[in-house]
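Thank you all for coming.

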Amino acid sequence: MDTYGYLYTLPFIPSTPQSNLVVNKDDGGSQDNFQITATFTVTQSMILVVTTYHPEETGEFNISIYGPAQLSLTPYISASNTVINTNETTSVDTTTATTTTATTTTTTTTATTTTTTITASTTTTTPIITTATTVTTKVATKQSTKITTRRTKKKAIRPTIATPTAVTATSRGIQSSYLGALTKKSSSFMRPKQEAYRFYFLAIQVKISSSGIYTFLCESDIDTYGCLYNESFHPSSPSSKLIVTDDDSGSKQNFMLVANLTTTESLILVVTTHNARQTGAFKVTVYGPEKAILTPYVTIPLTTTSTSTTTSTSTTTSTSTTTSISTTTTTSTTTSTSTTTSTSTTTSTTQLRVGVNIPAYAKWIQNGVTIAGDNGDGSATNQLHCPQGLFIDDNQTVVIADNCNHRIIQWKKGDTTNGQVVAGGKGQGNDLNQLNQPTYVLIEKETDSLIICDHGNRRVVRWSRRSDSAQGEILIPNIECWGLAMDEKRYLYVSDDEKHEVRRYQLGEKNGILVAGGNDGGDGLHQLNWPTYLFVDRQQNVYVSDNENHRVVKWTKGAKEGIAIAGGQGDWNALTQLHWPSGLFVDNLGTLYVADSENHRVMRWIQGATQGTVIVGGNGPGAAANQFNYPTSLSFDLHGNLYVADNENNRVQRFSIE
């Protein structure tokens, strides 16, 4: 049946269905069913109402809830002005699973419930909900004559119905808090995304003892802005080591940051404001799997390295002797030594993008804007020919593996007509100034270089981004490479579609360490079949587009087999399926985004979900602004805008986040 979902804050009153309504959805899920995504706070009680798009529609359904912690479910009693029958009983079974499914059958009745009983009248359909508690009710009541007669002809025994329940976020995790204030004596900096003014800030050291998803919620009368950093925070370089920022996702124009963190990380939370020179008190509450330790953080300015040693030694000796009837001898010796040593050291580390924080409920404008190509399949600098991999830097420069033109070409933000060839472009060949069908490219900031999968030449090459660079150098020879990824420690990951494996390399070494597959081509979880695109998260988990198995597989560090997290259900177009998956991206919440090439769409799979949702495309192959023709690669900029290489349309499209 065609379900319809409503989410309310307390109370829910059937006679005024618009009152306290948070969100409602009709067809966000699969097969005309709803999917609702919402942010809960620990103090909230929510009511989920399940009904139907058409009146008097009945049928069975399942509801699953995915979230960072177990939710407490209790029956909800809604106000009713109907006559009530009390012939039904309810049994409640509590489970401890983080995500559970309630299997439910609805009838055309209005239900009013408590935790132990349910009563029904003979009017319109009412709510049902889910979480970590499964609630089952045995039905034993009469319906109206018309409906009973119609249903009896189909089935003598009516199916089980789940009671309406309230979804109460009673625990988002263990709570820690920090009280602080921004004053005119606070330090100031140019905060990210607003570098024209000075903003007061307070930096807080965050230490955690358990990995997982943490939520940083700010409460204040001022408009706060939050920034989360990894390893260090330098006020003079506010974008360095930045993990995620947020402005108004919390209540009353305060920030709420959500990040998937590990115990190995040193974290700094920076509390600042939306408007410059704003002051006031605030409270930060952290929710997570374990208590977080919050202490003041002393900021360290960026300095250059200098070492100086100065040593001075002076010795003065004076001797005087006077002899008369007696002899007096006076000796004076003075020695002074001073040593001054000052040393400051700056350590350079690779600035790699560690992820993008995209709200789970995010939507994108469905009509893309062409930012590269779309002028036919030629080799001019305003054209692309079969673009494959793409990479977005922090300045929104798009670097593209222009496969059939045997070159790497980049479009800087604001370029509207022509790109710039930055590697290859000398025709198809195997000289060091040539490329042969490159499939992927990434930017390595440490050396300001491009690392390229030179697929047709069976090699990985590095090419300097300096304007005087005319050729590349071979990093890894004799490899049927397709996809590349680099982690924060500058390890390079390369997929080999001939050996059906992924290896990790230290830059400069020729023989990598096997991290996925390597057991011949096959569909076992210890195998891959034509691995193509890769993504590596901050925990060094490797995500692989297992192309011929039509799935995406996650290999944790040191694992002997992978976990299928998307697809793997055959090569068709259901929301549980993928057909030749290609480019992929994983955000800070663990949500997977994948280019479903043969289905001409981009899909989102929330962590733990059994099916995905289409976020753009899915309108059949074509060249319209809301269509793709074999999308091959995707990425996001720091603002959450989506970029897609549209292979057979010879273009790159940008879809702005709403």
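Predicted model: local features only at pLDDT ≥ 70, side-chain atom pairs only at ≥ 80, totals over all residues.

Let me begin with the second largest pocket, which lies between domain 1 (3–63) and domain 3 (388–631), because both of them give residues to its lining; the domain bounds come from an automatic or database domain assignment. Residues are numbered from 1 along each chain as its sequence is written, and side-chain values use heavy atoms, with hydrogens and water left out.

What do we mean by a pocket? On a 1 Å grid over the protein atoms alone, a pocket is an open set of points where a 1.4 Å probe fits, with protein on both sides within 12 Å along at least five of seven lines, and lining residues have an atom within 4 Å of a point. The second largest pocket holds about 730 Å³ of space, where a volume is the space filled by probe spheres set on the points, joined across faces, edges and corners. It is lined by 32 residues, of which Lys25, Gly28, Gln35, Lys363 and Arg604 are the closest to its centre. Two or more lining residues come from each of β2 (21–25), β44 (601–605) and β45 (613–617); strands here are DSSP runs (E, at least two residues), numbered from the N terminus. By type, the lining divides into 13 nonpolar, 14 polar and five charged residues, with Ala, Val, Leu, Ile, Met, Phe, Trp, Tyr, Cys and Pro counted as nonpolar, Asp, Glu, Lys and Arg as charged, and the others, Gly among them, as polar.

Let us turn to strand β40. Is this strand, residues 551–555, mostly covered or mostly open? Five of its five residues are buried, and buried means under 20% relative accessible area, whereas exposed means over 50% and partly exposed lies in between (1.4 Å probe, protein chains only). In a regular strand the side chains alternate between the two faces of the sheet. Here Arg551, Val553 and Trp555 point one way, while Val552 and Lys554 point the other way.

β40 has partners, and two strands pair if DSSP finds at least two bridges between them. Strand β39 (residues 542–546) runs antiparallel to β40 and is joined to it by five bridges, with Val544 having Val553 as its bridge partner. Strand β41 (residues 563–567) also pairs with β40 in the antiparallel sense, over four bridges, and there Val553 stands opposite Ala564.

The loop between β39 and β40 contains His550, whose phi is near 55°, a positive value in a residue other than glycine. Most residues other than glycine have a negative phi, and most peptide bonds are trans. His550 counts as buried because its relative accessibility is 9%. Asn650, in the loop between β47 (642–646) and β48 (651–655), likewise has a positive phi near 55°.

Finally, the interior. A nonpolar core is a set of buried Ala, Val, Leu, Ile, Met, Phe, Trp, Tyr and Cys residues joined through side-chain atoms within 4.5 Å. The largest has 44 residues, and Trp364, Val460 and Leu642 touch the most other members. A second, separate core of 25 residues includes Val206, Phe216, Cys218 and Ile222.
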